[in-house]
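Let's take a walk through this one together, stopping at a handful of residues along the way. Have a look at the model first.

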Amino acid sequence: AATARVERMPHGERARMLAGRRVALLFYESSTRTRTSFELAAKSLGATTTLVSDKSSSIEKGESLKDTGLTLRALGAECIILRHPASGAPFLLARMTGLPVLNAGDGMHAHPSQALLDLRTILTRLYGAERAVTVTAESLRGVTVVITGDILHSRVARSNAMLLPKLGAKVVLCGPEELLPEDALGLGSGVEIARDFDAALRQAVAHGPGVAMMLRIQKERLAGMELDLGDYIARYQLNGERMAACAPGALVMHPGPMIRGLEIAGDVADGPQSAVEDQVRNGLAVRTALLVRALGAGGFESVTV
Ligand code: NCD
């Protein structure tokens, strides 16, 4: 609801919501979509933004997260958007600075704004914009979301597996043992594991709308793990042939960055069922609402996103 409200707001009114406020983007890992959308969202609300990245700041010289956070606060930052390789870093930064901190991805733990934009994308693509305004425990009843790929290292998978079942969706995590160990995941209710991608896709579309959410293999987190890519592609790549055979009507999603030819074929990424660009657009809208809430503007704190 909060997202729809800011989205419908006239530009001039939106640009006054955070006029004069300072937002810092603190990125210890590379990012294209998340960083740019948070930055453009803050700017569309009239805020001043500053970007500190590990590659071009005193972080390279060894400055700690705490000291970097305190420096940003001393410079007037009222909210910090943090991406960090360590799980829990946003929680620590919030405690150390007392500022609202928005998690833009922490290690293998969580990526909450991604799950929210994915939810909005699924609702709007399956049911239209109106159904995305108010969500209930029934909003995704009958919908199966098959999340396939490097689940082990994916904060996107974890956040979606937490969020989507709360709205009635069934989440099926799919991948080989190396990337989806049976015992390493604390699975909540509404979440299952599958090894056979074809069967999981077929089941997903058998009784209701199906979503195929594909994930990148996170080379930077593999830590020496060997993976036979030819075998992986044969079993888990989402390509035109597999779509036609197993899930002709499924909605295709990917948080990006996509590695075309590996987890997803170019024709599927560019095809009519692909919601990849919608995901990016929804990211901007959702992050705009999150910033308004984090900075307590416009009475949004009482709105449940
Ligand atoms: C993901 C991330 O950084 O967690 N990308 C994103 O934010 N859209 C996924 C990835 O890096 O593969």
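Which loop does Leu227 lie in? Leu227 sits in the loop between strand E8 (210-214) and helix H9 (229-236). Keep in mind that this is a predicted model.

## Leu227 and its partners

Who does Leu227 meet once we skip the neighbours within four places in sequence? Its contacts are then Glu178, Leu179 and Ile217. Take Glu178: along the chain, Leu227 and Glu178 are 49 residues apart, but their C-alpha atoms are 8.1 Å apart in space.

## The largest pocket

On to the pocket. The largest pocket comes in at about 410 Å³. It is lined by 22 residues, and those closest to its centre are Arg83, Arg155, Arg216, Gly256 and Pro257.

What is the lining made of? Sorting the lining residues by type gives four nonpolar, 10 polar and eight charged. Two helices, H3 (33-44) and H7 (155-163), each put at least two residues into the lining of this pocket.

## Around the ligand

Now for the ligand. The residues around it are Thr34, Arg83, His111, Gln114, Arg155, Val156, Arg216, Gln218, Pro255, Gly256 and Pro257. Arg83, Arg155, Arg216, Gly256 and Pro257 are also the residues closest to the centre of the largest pocket.

Some of the distances are worth a look. A side-chain N or O atom of Arg155 lies 2.7 Å from an oxygen atom of the ligand. For Arg216, a side-chain N or O atom is likewise 2.7 Å from a ligand oxygen. With Pro255 the backbone is involved: one of its polar backbone atoms is 2.9 Å from a nitrogen atom of the ligand.

Pro257 itself is in the loop between strand E9 (251-253) and helix H11 (266-269).

## Val156, on helix H7

Val156, one of the residues around the ligand, belongs to helix H7. Is Val156 buried or exposed? Its relative accessible area is 8%, so Val156 is buried, the cut-off being under 20%.

Leaving out residues up to four places away in sequence, Val156 touches His111, Gln114, Asp118, Leu215 and Pro255. Val156 and Pro255 are 99 residues apart in sequence, yet 7.7 Å apart from C-alpha to C-alpha.

Where do we find His153? This histidine is in the loop between strand E5 (144-148) and H7. His153 counts as buried because its relative accessibility is 4%.

The side chain of His153 has a polar contact, at 2.8 Å, with the side chain of Asp150. Beyond four places in sequence, His153 is in contact with Met108, Arg158, Gln218, Arg221, Leu222 and Met225. Of these, Gln218 is also one of the residues around the ligand.

## Thr97, in helix H5

Last stop: Thr97, which is part of helix H5 (residues 89-97). Why does Thr97 count as buried? Its relative accessibility is 5%, and buried means under 20%.

What does the side chain of Thr97 do with its polar atom? The backbone oxygen of Leu93 is 2.8 Å from a polar atom of that side chain. Setting aside neighbours within four places in sequence, Thr97 is in contact with Gly69, Leu70 and Arg73.

How values were computed
Residues are numbered from 1 along each chain as its sequence is written. This is a predicted model: local features need pLDDT of at least 70, side-chain atom pairs count only at pLDDT 80 or more; totals for chains, interfaces and linings use all residues. Side-chain values use heavy atoms; hydrogens and water are left out. Helices (H or I, at least four residues) and strands (E, at least two) are DSSP runs, numbered from the N terminus. Buried means under 20% relative accessible area, exposed over 50%, partly exposed in between (1.4 Å probe, protein chains only). A polar contact is a pair of N or O atoms within 3.5 Å; within protein, one must be able to donate a hydrogen and the other to accept it, and residues adjacent in sequence count only if both atoms are side-chain atoms. Contact means heavy atoms within 4.5 Å. On a 1 Å grid over the protein atoms alone, a cavity is a set of points where a 1.4 Å probe fits but cannot get out, and a pocket is an open set with protein on both sides within 12 Å along at least five of seven lines; lining residues have an atom within 4 Å of a point. Grid points are joined across faces, edges and corners, and a volume is the space filled by probe spheres set on the points. Ala, Val, Leu, Ile, Met, Phe, Trp, Tyr, Cys and Pro count as nonpolar, Asp, Glu, Lys and Arg as charged, and the others, Gly among them, as polar. A residue is near a molecule or strand if one of its heavy atoms lies within 4 Å of it.
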